[in-house]
There are 2 protein chains.
Amino acid sequence: MRGSGRKTAGGGNAGATDDGGYAFVPQTYDPDSPEGLRLSLHWWLGTTDRMWRRLLDERLRGQGQTHPRWRVLAWARLVPGITQTDLAQRMAISGPTLVRILDGLAAQGMIERRDDPHDRRVKEIHLTAEAGPIVQAISEQVRAIRTTVLEDVSEAELRFALDILARIRTRVQALRSEPGEPLPLG
Amino acid sequence: MRGSGRKTAGGGNAGATDDGGYAFVPQTYDPDSPEGLRLSLHWWLGTTDRMWRRLLDERLRGQGQTHPRWRVLAWARLVPGITQTDLAQRMAISGPTLVRILDGLAAQGMIERRDDPHDRRVKEIHLTAEAGPIVQAISEQVRAIRTTVLEDVSEAELRFALDILARIRTRVQALRSEPGEPLPLG
DNA sequence: CCGTATTTGTTAGTGCCCTAATGATTAGGG
DNA sequence: CCCTAATCATTAGGGCACTAACAAATACGG
């Protein structure tokens, strides 16, 4: 079927099952060694997230939306009149990135930017009247997908996974704070 | 400092610590409820991956590289003469995406595309001579970062996390195979 | 009160990711 | 043999993410 064997040296724990092309892990190490486990976790963390996001984008495309656009709509419903700076922080994206997403949603007529009466620098984000039922429908759909995706993970396992992720983030942040010495090769 | 309190309704489990703006979780539910746990896991799965990737991009920028570019270089070293189709599958990205990355690396003189002598459609990807020491240095740096990031996660926990991620992917794939019924709202 | 610093949102430019469509080449069936 | 189907790489175009630089407005210190 796929990958006719040409130049297929090295790693990859691909079995016989067709997983849509997500089997390969670039491992030069024993997959059961600590080093191989760490490599695998990095790989599958990113790959699992990307697959999940792709599923959402696929389902939302029928409603003319995408995952980032949907997140804006969800926040705009939860906090009517939210400012762009606040929104960007909550979504953990930069200001310019948010501007593009808002431009697209405004062009669709889903949101509108209103001037803040107290501070003329600020703009309030509001859902339009037409957006209401669409946001409601997407909300239920997204929740159903999330429930199904995590159906095989118990509550205790969810807490444990969250704890592991938090430990990883702590280390990542510690490294980001460090200067990061340059490599010794011009 | 940040988020002066204007229109700060709804969720967010932001504490007093400055975490760089990654604290907000869009929760309309009790964070300790199963629903809130599922929402949190989805959020932190994506956020943790993005933070880790950003750290790598930041450290690799000094070498004129990025995370995706580095992954190409790693594969090209492991499988000399790998084809673009094979490479795209192993990286789990699309063909056109890979073409752009290869264009950038070729412009840097890090890789070169050679014609396959047996099949004139195919092109072999090879590292250039100058790339060798750079790839070696980056390899060690990336491995060191990965080891540090996962320092607080035991081997048993790594296996457990990999198992949970695999269960999630199984469900995601099952949903992607389904037709995905359209929402009932024009 | 005035000049400077900060905040808000924008544009410009780069990179990565996708789908759809195209050209070139190879493989296969009648 | 020839015509069609499949495969490999590319181009075209859209969306999301970033940094850098900027205009407008507000806040603040002297």
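## Surface near DNA strand D

In this predicted model, α2 (67-78) and α4 (95-108) of chain A, together with α3 (84-91) and α4 (95-107) of chain B, each supply at least two residues of the surface near DNA strand D. A residue is near a molecule or strand if its C-beta atom, placed from the backbone, lies within 6 Å of it. Helices (H or I, at least four residues) and strands (E, at least two) are DSSP runs numbered from the N terminus. The largest share of this surface, 5 residues, comes from α4(A).

Around DNA strand D there are 24 residues, of which A:Ser94, A:Pro96, B:Gln84, B:Thr85 and B:Pro96 come nearest. The surface near DNA strand D has 8 nonpolar, 8 polar and 8 charged residues. Here Ala, Val, Leu, Ile, Met, Phe, Trp, Tyr, Cys and Pro count as nonpolar, Asp, Glu, Lys and Arg as charged, and the others, Gly among them, as polar.

## Surface near DNA strand C

DNA strand C is surrounded by 23 residues, the closest being A:Gln84, A:Thr85, A:Pro96, B:Ile93 and B:Pro96. Two or more residues of the surface near DNA strand C are given by each of α3 (84-91) and α4 of chain A and α2 (67-78) and α4 of chain B. The largest share, 5 residues, comes from α4(B). By class, the surface near DNA strand C has 7 nonpolar, 8 polar and 8 charged residues.

## Conventions

Residues are numbered from 1 along each chain as its sequence is written, while chains are lettered from A and ligands numbered from 1 in the order in which they are written. In this predicted model, local features need pLDDT of at least 70 and side-chain atom pairs count only at pLDDT 80 or more, whereas totals for chains, interfaces and linings use all residues.

## Chain A

Chain A has 6 helices and 3 strands; from the N terminus on, its elements run α-α-β-α-α-β-β-α-α. Of its 186 residues, 27% count as buried, meaning that 20 or more other C-beta atoms lie within 10 Å of the residue's own, with C-beta atoms placed from the backbone. The buried residues of α2(A) include A:Trp70, A:Val72, A:Leu73 and A:Trp75. The 12 residues of α2(A) should span 16 Å at 1.5 Å a residue, and the end C-alpha atoms are 17 Å apart, which agrees; the expected span is 1.5 Å times one less than the number of residues.

The 3 strands of an open sheet in chain A have the order β1-β3-β2, with antiparallel pairing. Its edge strands, β1 (82-83) and β2 (111-115), each pair on one side only. Two strands pair if DSSP finds at least two bridges between them; β1(A) and β3(A) (residues 123-127) have 2 bridges, and A:Ile82 stands opposite A:Ile125 in β3(A). Helix α4(A) packs on the sheet, touching β2 and β3 of chain A, and its direction makes about 110° with that of β2(A). Contact requires C-beta atoms, placed from the backbone, within 7 Å. Axes are lines fitted to C-alpha atoms, for helices over the stretch in contact, and angles run from 0 to 180 degrees between N-to-C directions.

## Chain B sheet

In chain B, 3 strands form an open antiparallel sheet in the order β1-β3-β2. Strand β1 (residues 82-83) pairs with β3 (residues 123-127) over 2 bridges, and B:Thr83 stands opposite B:Glu124. Strand β2 (residues 111-115) and β3(B) pair over 5 bridges; B:Asp115 stands opposite B:Lys123, and the bridge partner of B:Glu112 is B:His126. Helix α4(B) packs on this sheet, touching β2 and β3 of chain B, with its direction at about 110° to that of β2(B).

Conventions:
Buried ≥ 20, exposed ≤ 12 C-beta atoms within 10 Å, placed from the backbone. Contact = placed C-beta atoms within 7 Å.
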